[in-house]
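Please go through the following model with attention to how its parts are arranged and how far the coordinates can be read. The report below takes up one topic under each heading.

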Amino acid sequence: MVTSAAMNDPQGAKLRLAVVGCGAVATIHHLPAISVSETVEAAVLVDADLGRARALADRFGVPEAATDYRAVADRVDAAVVALPNSLHAPVSIDLLRRGVPVLVEKPMAMDGREADAMIAAAAEGKAVLAVGLDFRFFDSSLFVRNLLRDGLLGEIRGFDLRQGVIPRWPFATDFLLKKETAGGGVLADFGVHVLDLLLWWMGEWTEVDYRDDAQGGLESDCEMTLGFRSGASGKVEISRTRNLRNTCVFEGERATLEVGVWDPDPEITLRIADREVALAGRARRPGGEGLDFTDVFVRQIDDFAAAIREGREPFVPGSEGRRSLDLIDACYAGRRPLELPWSVLPAPAGREIPS
Amino acid sequence: MSLENISGAFAGRRVLITGGTGFIGGRLAERLVLEHGAEVRVLVRNLAAASRLVRFPVTVVRGDVTDESALATAASGCDLVFHCAYGTKGSQKLRAWVNREGTRRVLEAARKARASRVVNLSTLMVYGQTADGDLDETAPRRRFGNHYSDSKLDAEKIAFASGVPVAVLQPTAVYGPYGGVWTETVLRSLKAGRQILVDGGRGLGNAVYVDDLVSAMLLAAVRDEAVGEAFLISGEEPVTWREMFGRFARMLGDGPARTVDMTADEALAFWRRSQGERPRAVGEALRILRQDRQVRERIQSTREVLWLRETASAVLPESWQEAIKARMASGGRPASRAALELPIHPLPPPMIGFFRAKTRVRIDKAKRLLGYRPAFDFATGMDLTERWARWANLL
């Protein structure tokens with residue numbers, strides 16, 4: 001329930017947030033951003049592990065720690081939901097119905113149906129629902145979107161996106177390693193970011209041919225051929241076992257554009273067709289500097305706060321967060337095994353390896 | 001009993017693997033699930049490393065091999081334990097402690113869980129610096145003077161004394177997809193600099209493809225004759241180090257430019273020089289020298305360059321010295337591609353001895369008692385490794 005003085009005094013007090021779920025992303029990204037934001041403050045940290053919530057509350061100067069979000073929901077202006085994926089929908093829906101605005105971590109839900117229920121709950125509770133697809137807040141992401149929308153590359157003939165890192169993420173729990181709590185493997189975890197960017201840049205997708213390496217568990221590598229309504233078709237490869245180039249290359253009629261997709265301040269290279277000199281640099285707002293992830297999360301939380309105050313849609317509303325989930329659902333539904341040509345089983349010495 | 005005949009031996013059995021997020025344990029978990037229908041549990045210290053493992057329906061228990069409570073949970077109800085974990089973090093002393101104490105605690109957990117067998121992964125290095133000629137399991141174990149091999153030797157003793165039926169495997173250089181020391185590290189090293197081939201690389205490298213080692217582990221878990229025994233596990237035939245490094249270098253292209261022949265004395269002198277000077281001094285100076293003629297002329301009379309010349313004449317083969325001269329004269333443009341593109345990695349003295357030895361590891365005991373038959377010759381194993389390395393963006 002939104003009752004605090006902050007709502008009636010847009011220039012005054014900060015919005016008071018509950019951070020629900022105190023795992024790695026809350027620790028590394030949300031809490032540092034909230035602590036430097038001028039528009040929000042953390043009022044209470046909620047985690048099933050009270051010791052963890054208390055330790056983080058001490059570290060970030062948050063007055064209260066709790067184990068049940070329901071006990072604090074009516075004392076805050078909004079909530080950041082950073083729980084395991086399987087809890088995103090039920091907890092967000094409950095909060096939204098109570099009228100508490102929610103910024104939910106990515107992926108917003110386990111599938112498109114859950115996302116629909118969240119969007120409906122936001123309408124019902126007249127509360128803002130924002131999705132933590134923070135990569136959209138990179139200046140580079142907006143720059144690429146503008147460049148493509150304005151048609152500066154000419155017609156896009158194809159694209160090639162390779163995103164892969166061997167993770168060093170400081171897991172607080174093992175939820176990302178289980179299908180029932182993660183929903184999916186690398187596609188749902190890393191893939192949701194880069195697919196969201198692609199859909200934001202390129203528009204509506206029309207067809208997908210998807211393969212991954214799951215064999216009774218969660219995929220760690222996947223690739224797809226993805227076609228768009230515009231007629232452009234390209235390849236996407238996503239990995240959490242390999243360090244890939246982490247860029248997307250767009251082949252346009254007039255120029256080729258390469259942009260980093262795993263870095264808040266990536267290099268962007270523009271090569272004009274049939275010209276030997278290329279331009280390489282970084283996207284900047286006037287007077288702006290390169291972003292780091294704290295800057296990005298501050299932008300995200302400030303946009304969330306502004307949406308609540310101004311009664312407008314956030315930069316990434318539920319309907320936008322849903323788009324990549326639809327594509328991910330289609331990928332899993334049409335899944336085929338990824339060929340791993342080195343992974344032959346033992347055979348007599350000298351046996352021919354299938355090529 | 002050969003590998004074909006053990007199908008069914010693991011079906012439905014609950015198996016614990018330590019080190020299951022690693023190179024060997026990971027492939028073992030994969031094959032136990034996919035080929036043998038085992039119910040696999042893995043003790044995982046670093047959850048971020050488990051991505052590849054959870055592609056399969058395995059149970060992850062969070063903890064490390066020194067955590068007795070996590071071990072008890074993980075081993076509970078397990079009939080079979082494969083102990084592949086070893087210390088990979090922290091100081092050498094800490095790693096050695098993990099190797100000894102971790103093995104003791106894993107065996108204790110296995111004993112309490114009434115496991116019928118533990119397969120303990122050891123190493124060829126428990127035999128110390130090996131001599132020319134045949135080596136089999138009757139050779140004396142020797143301390144090698146480094147924490148890893150000495151602690152693995154102690155771990156073998158701890159395992160055998162545990163009262164649990166134990167089989168120990170002593171693999172040679174294990175390579176293959178997702179391989180560390182003998183795969184990815186070699187590729188990274190050859191990318192960054194040149195490998196010294198001691199005595200022209202005529203020493204023998206005993207190596208085993210990961211799937212052959214995993215097959216041996218499966219056999220050691222099943223064969224009654226394996227209990228209380230240690231087995232050397234290697235490929236059918238050794239290869240020369242020239243073949244080994246040459247094959248990796250070819251994956252990267254420009255193979256010959258990534259290795260350099262030296263005698264053992266030259267390699268030792270090069271090592272000593274490298275220890276006495278700041279790292280990269282040679283490379284930096286050469287880079288500056290290559291920039292332009294004026295810079296070259298100005299700095300060629302400096303003390304550093306005089307030292308560099310002396311060093312070069314002391315440690316570099318004559319052919320190289322000629323190449324340097326030719327290159328300097330040509331303004332830094334190499335006379336040939338092979339010349340001076342990459343710095344040389346100095347080899348510590350024990351490694352010089354290691355690469356010089358013509359040891360031939362015998363696998364007769366594993367063949368006789370386990371029915372072990374290497375299925376991957378060097379060419380096949382390396383072809384598969386190359387396919388993986390290309391996919392993994394390492395080439």
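## Two domains of chain A

In this predicted model, the centres of domain 1 of chain A and domain 2 of chain A, taken over C-alpha atoms, are separated by 26 Å. Domain 1 covers 5-135 + 309-316 and domain 2 covers 136-299 + 325-337, bounds that come from an automatic or database domain assignment. The contact between them takes 24 residues from domain 1 of chain A and 27 residues from domain 2 of chain A, two residues being in contact if their C-beta atoms, placed from the backbone, lie within 7 Å.

On the side of domain 1 of chain A that touches domain 2 of chain A, at least two residues each are supplied by α2 (24-36), α4 (85-97) and α5 (112-125) of chain A; helices (H or I, at least four residues) and strands (E, at least two) are DSSP runs, numbered from the N terminus. The largest share of this side, six residues, comes from α2(A). By class, the side has 14 nonpolar, seven polar and three charged residues, where Ala, Val, Leu, Ile, Met, Phe, Trp, Tyr, Cys and Pro count as nonpolar, Asp, Glu, Lys and Arg as charged, and the others, Gly among them, as polar.

Residues are numbered from 1 along each chain as its sequence is written, while chains are lettered from A and ligands numbered from 1 in the order in which they are written. Local features need pLDDT of at least 70 and side-chain atom pairs count only at pLDDT 80 or more, whereas totals for chains, interfaces and linings use all residues.

## A parallel strand pair and its crossover

Strand β5 (residues 102-105) of chain A pairs with β6(A) in the parallel sense over four bridges, a pair requiring that DSSP finds at least two bridges between the strands. Within this pair, A:Val104 stands opposite A:Val131 in β6(A). The path of the chain from β5(A) to β6(A) passes through α5(A), and this β-α-β crossover is right-handed: with the strands pointing away from the viewer, the path from the first strand over the helix to the second runs clockwise.

In a regular strand the side chains alternate between the two faces of the sheet.

## The nine-stranded sheet of chain A

An open sheet of nine strands with mixed pairing runs in the order β14-β13-β12-β11-β7-β10-β9-β8-β15 (chain A). Its edges are β14 (278-281) and β15 (336-337) of chain A, each of which has a single partner strand, so one side of each is left without a neighbour in the sheet. Strand β7 (residues 156-164) of chain A and strand β10 (residues 233-239) of chain A pair in the parallel sense over seven bridges, and A:Val236 in β10(A) is the bridge partner of A:Leu161.

Strand β9 (residues 221-228) of chain A contains A:Gly227, which counts as partly exposed because it has 15 C-beta neighbours inside 10 Å. Not counting residues up to four places away in sequence, A:Gly227 touches A:Trp205, A:Thr206, A:Glu207 and A:Ser233. A:Phe228, also placed in strand β9 of chain A, is partly exposed, with 19 other C-beta atoms within 10 Å. A:Phe228 and A:Gly203 are 25 residues apart along the chain, and their C-alpha atoms are separated by 7.0 Å.

## Chain B and its contact with chain A

Chain B has 15 helices and 15 strands, and 46% of its 395 residues count as buried. In the complex, 29 residues of chain B are in contact with 30 residues of chain A. The side of chain B that touches chain A draws at least two residues each from β3 (59-62), α6 (210-222) and α15 (378-391) of chain B, and the largest share, five residues, comes from α15(B). By class, this side of chain B has 16 nonpolar, four polar and nine charged residues.

## Confidence

The predictor gives the complex an ipTM of 0.90 and a pTM of 0.88.

Over residues 293-297 of chain B the pLDDT stays under 50, and the model has four contacts for them beyond four places in sequence. The pLDDT is also below 50 over residues 326-336 of chain B, a stretch with 16 contacts in the model beyond near neighbours in sequence. Where pLDDT is low, the predicted coordinates should not be read in detail.

Note on methods: pLDDT is the predictor's confidence in each residue, from 0 to 100. A residue is buried if 20 or more other C-beta atoms lie within 10 Å of its own, exposed if 12 or fewer, and partly exposed in between; C-beta atoms are placed from the backbone.
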